[in-house]
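Subject: Structure handover

Hello,

Here is the structure I promised to pass on. Please open it first, then read my notes below.

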Amino acid sequence: MRARDLVTDFPTVSLDSQVLEAARLLAAHDLPGLIVVDADGSPFSILPGTQVLRLAVPGYCQDDPALARVVDEAHADTFLRSLAGRTVRECLPANPRELPITDPDATALEIAALMARTHSPLVAVVDGGRLRGAVTLQALMDRMLAL
């Protein structure tokens, strides 16, 4: 099984896309993350849904989850809206990790190793400099366990 057998069309966002729109795209399509592309349409980074949450959840709740229990639902709902006006570029880590990108000939094990090494729920598949789509953790696991 190769990446070409697992790749699916996958939504992308640009560096200048609004984070709130990216969050809506994640939610609407039940995605684990998004591929961030540069001005040329080449993969630049992966934006995991957990990174969007890190930006929306106040630091004091991340540092001490017990404090999250005392925030009422009305106020908790406002945290995600606090991302309004911010761009995807602002959400990406200052020191980017290895980009999880591969070619269509990559084996399932190579894809799994790349996901594990980069802590990414998806891998961008590029062929001839053009983004072909992504292999998601879910698709990879489904196919590997079906064998």
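Glu90 is partly exposed, because its relative accessible area is 44%, which falls between the 20% and 50% cut-offs. Keep in mind that this is a predicted model. Glu90 has a salt-bridge partner in Arg86, with 3.9 Å between the closest N and O atoms. Arg86 is also partly exposed, at 26% relative accessibility.

The total is five salt bridges. Two others deserve a look.

Start with Arg89 and Asp16. Their side chains form a salt bridge, 3.0 Å from N to O. Arg89 sits in helix H7, while Asp16 sits in the loop between strand E1 (12–14) and H2, so this pair ties together parts 73 residues apart in sequence. Arg89 is partly exposed, with 45% relative accessibility.

Next, Glu98 and Arg117. Their side chains meet in a salt bridge at 2.8 Å, N to O. Here too, distant parts of the chain are linked: Glu98 is in the loop between H7 and strand E4 (101–102), and Arg117 is in helix H8 (residues 108–118), 19 residues away. Glu98 is partly exposed, at 41% relative accessible area.

Which residues touch the most other members of the largest nonpolar core? They are Ile35, Val36, Leu47, Val52 and Val88, out of 25 residues in that core.

Met141 belongs to helix H9 (residues 137–146). Met141 counts as partly exposed because its relative accessibility is 39%.

What is the volume of the largest one? About 370 Å³. The largest pocket is lined by 19 residues, and those closest to its centre are Ser45, Ile46, Pro48, Pro93 and Arg97. E3 and H3 are the elements that give two or more residues to this lining. E3 supplies the largest share, four residues.

One pair shows how the chain folds back. The C-alpha atoms of Arg4 and Arg132 are 9.0 Å apart, although 128 residues separate the two along the chain. Arg4 is in helix H1 (residues 3–6). Its relative accessibility is 45%, so Arg4 counts as partly exposed.

Last, the backbone. Most residues other than glycine have a negative phi. Two residues here go the other way. Asp30 has a positive phi, near 50°. Asp30 lies in the loop between H2 and E2. Asp30 is exposed, because its relative accessible area is 70%, and the cut-off is over 50%. His119 also has a positive phi, near 55°. His119 lies in the loop between H8 and E5. At 60% relative accessibility, His119 is exposed as well.

Best wishes

Note on methods:
Residues are numbered from 1 along each chain as its sequence is written. This is a predicted model: local features need pLDDT of at least 70, side-chain atom pairs count only at pLDDT 80 or more; totals for chains, interfaces and linings use all residues. Side-chain values use heavy atoms; hydrogens and water are left out. A nonpolar core is a set of buried Ala, Val, Leu, Ile, Met, Phe, Trp, Tyr and Cys residues joined through side-chain atoms within 4.5 Å. Buried means under 20% relative accessible area, exposed over 50%, partly exposed in between (1.4 Å probe, protein chains only). A salt bridge is a side-chain nitrogen of Lys or Arg within 4 Å of a carboxyl oxygen of Asp or Glu. On a 1 Å grid over the protein atoms alone, a cavity is a set of points where a 1.4 Å probe fits but cannot get out, and a pocket is an open set with protein on both sides within 12 Å along at least five of seven lines; lining residues have an atom within 4 Å of a point. Grid points are joined across faces, edges and corners, and a volume is the space filled by probe spheres set on the points.
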